[in-house]
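The sequence and model come first.

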Amino acid sequence: NISVIPDDYSLSQNYPNPFNPSTTINFNLPVKSNVNLIIYDALGRKVNEIVNEELPAGLQKVTWNGLNSNGSRTSSGVYFYRLIANGENGNRFVQSKKMILLK
């Protein structure tokens with residue numbers, strides 16, 4: 001198994017999208033980074049922080065199960081996910097994408 005380290009940070013569109021009950025979010029880290037992946041509702045309110053940790057360089061895959069930070073199911077609608085990565089090299093990457101939860 002060959003590990004490929006990406007050249008740049010990137011955040012992929014979640015899949016499936018629309019989703020129910022869960023979706024997968026992939027992102028690339030070129031260096032070890034402190035990562036926050038936060039879900040927001042359409043009004044910009046924080047729904048859940050699904051990653052808050054240091055991760056190694058490489059392709060990362062995270063699944064969101066449609067739950068809020070209290071463990072309750074969220075309602076159908078538009079959500080946004082934001083990746084904030086602070087690399088050990090001092091670089092900072094921030095990107096957001098939209099996703100839809102359909103019930």
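## Surroundings of Tyr9

The side chain of Tyr9 reaches the backbone nitrogen of Gly87 at 3.3 Å, a polar contact (a pair of N or O atoms within 3.5 Å; within protein, one must be able to donate a hydrogen and the other to accept it, and residues adjacent in sequence count only if both atoms are side-chain atoms). The model is predicted: local features need pLDDT of at least 70, side-chain atom pairs count only at pLDDT 80 or more, and totals for chains, interfaces and linings use all residues. Residues are numbered from 1 along each chain as its sequence is written, and side-chain values use heavy atoms, with hydrogens and water left out.

Tyr9 is found in the segment before S1; strands (E, at least two residues) are DSSP runs, numbered from the N terminus. A polar contact at 2.9 Å joins the side chains of Tyr9 and Ser33. Ser33 lies in strand S3. Contact in general means heavy atoms within 4.5 Å. Not counting residues up to four places away in sequence, Tyr9 touches Asn28, Leu29, Pro30, Val31, Ser33, Ala85, Asn86, Gly87, Asn89, Asn91 and Phe93. With the same exclusion, the residues that Ser33 touches include Tyr9, Glu53, Glu54 and Leu55. Tyr9 and Gly58 are 49 residues apart in sequence, with their C-alpha atoms 9.4 Å apart in space.

| Residue | Relative accessible area |
|---|---|
| Tyr9 | 13% |
| Phe93 | 16% |
| Ser33 | 1% |

## Aromatic pairs

The structure holds three aromatic pairs. Rings of Phe, Tyr and Trp (its six-membered ring) pair if their centres lie within 6.5 Å; planes under 30 degrees apart count as stacked, over 60 as edge-to-face and the rest as tilted. Tyr9 and Phe93 form a stacked pair, because their ring centres are 5.4 Å apart and their planes lie at 10°. This pair links distant parts of the chain, since Phe93 sits in strand S7 (residues 92–101), 84 residues from Tyr9. Ring pairs also link Phe19, Trp64 and Tyr79 into a cluster.

## The sheet

Three strands form an open antiparallel sheet in the order S1-S2-S5. S1 and S5 stand at the edges with a single partner strand each, so one side of each is left without a neighbour in the sheet. Two strands pair if DSSP finds at least two bridges between them. Asn28 of S2 is the bridge partner of Ser10, and the bridge partner of Asn28 in S5 is Leu59. Six of the seven residues of S2 (residues 23–29) are buried, so this strand is largely enclosed by the rest of the structure.

## The nonpolar core

A nonpolar core is a set of buried Ala, Val, Leu, Ile, Met, Phe, Trp, Tyr and Cys residues joined through side-chain atoms within 4.5 Å. The largest has 22 residues, and Phe27, Val35, Leu37 and Ile39 have the most contacts inside it. Elements that give two or more residues to this core are S2, S3 (33–41), S4 (46–55), S5, S6 (77–87) and S7. S6 supplies the largest share, four residues.

How values were computed. Buried < 20%, exposed > 50% of the residue type's maximum accessible area, 1.4 Å probe, protein only.
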